[in-house]
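Q: Could you take a close look at the salt bridge side of this model for me, and at the backbone around it? I'd like the geometry and the cut-offs spelled out.

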Amino acid sequence: MAVRSPAVAKQEKSARAAVDASDIVVWLKPLDPVTRSEPEGTANPKKFRLVQHNKSFQPHVLVVPVGSVVDFPNHDPFFHNVFSAVRREAI
């Protein structure tokens with residue numbers, strides 16, 4: 001446990017409150033209680049849609065499980081592309 005002055009504690013609280021978490025996704029997977037691993041047969045790939053409309057994507061955030069298919073229909077009156085860059089984070 002850390003002891004902080006009231007001024008420092010207030011600054012830390014203010015910094016945490018300023019974080020926008022609206023684009024954060026938390027994905028929880030059940031673990032087998034014995035093996036502590038993902039149970040077999042839990043993968044359920046589906047088909048998702050990320051619509052391009054008014055120069056933006058709808059929905060703004062879309063969570064897609066590995067192995068799923070994503071359609072990108074363009075409802076704008078002009079052609080444009082969708083690009084995806086795979087970014088792997090070190091854990």
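A: There's one salt bridge in this predicted structure, a salt bridge being a side-chain nitrogen of Lys or Arg within 4 Å of a carboxyl oxygen of Asp or Glu. The partners are Lys 47 and Asp 71, with 3.5 Å from N to O. They sit 24 residues apart and link distant parts of the chain: Lys 47 belongs to strand 1 (residues 47-49), Asp 71 to strand 4 (residues 69-71). Strands here are DSSP runs of E, at least two residues long, numbered from the N terminus.

Lys 47 is exposed at 60% relative accessibility, while Asp 71 is partly exposed at 26%. Exposed means over 50% relative accessible area, buried under 20%, and partly exposed in between (1.4 Å probe, protein chains only).

Now the backbone. Most residues other than glycine have a negative phi, and most peptide bonds are trans. In the loop between strand 2 (51-53) and strand 3, Asn 54 has a positive phi of about 55°, and that residue is exposed at 57%. Lys 55 is found in the loop between strand 2 and strand 3 too; its phi is positive, near 60°, and it counts as exposed at 71%. Then there's a cis peptide bond between Gln 58 and Pro 59, omega about 0°, with Pro 59 in the loop between strand 3 (56-58) and strand 4.

Some bookkeeping: the model is predicted, so local features need pLDDT of at least 70 and side-chain atom pairs count only at pLDDT 80 or more, while totals for chains, interfaces and linings use all residues. Residues are numbered from 1 along each chain as its sequence is written, and side-chain values use heavy atoms, leaving out hydrogens and water.

Methods: Helices (H or I, at least four residues) and strands (E, at least two) are DSSP runs, numbered from the N terminus.
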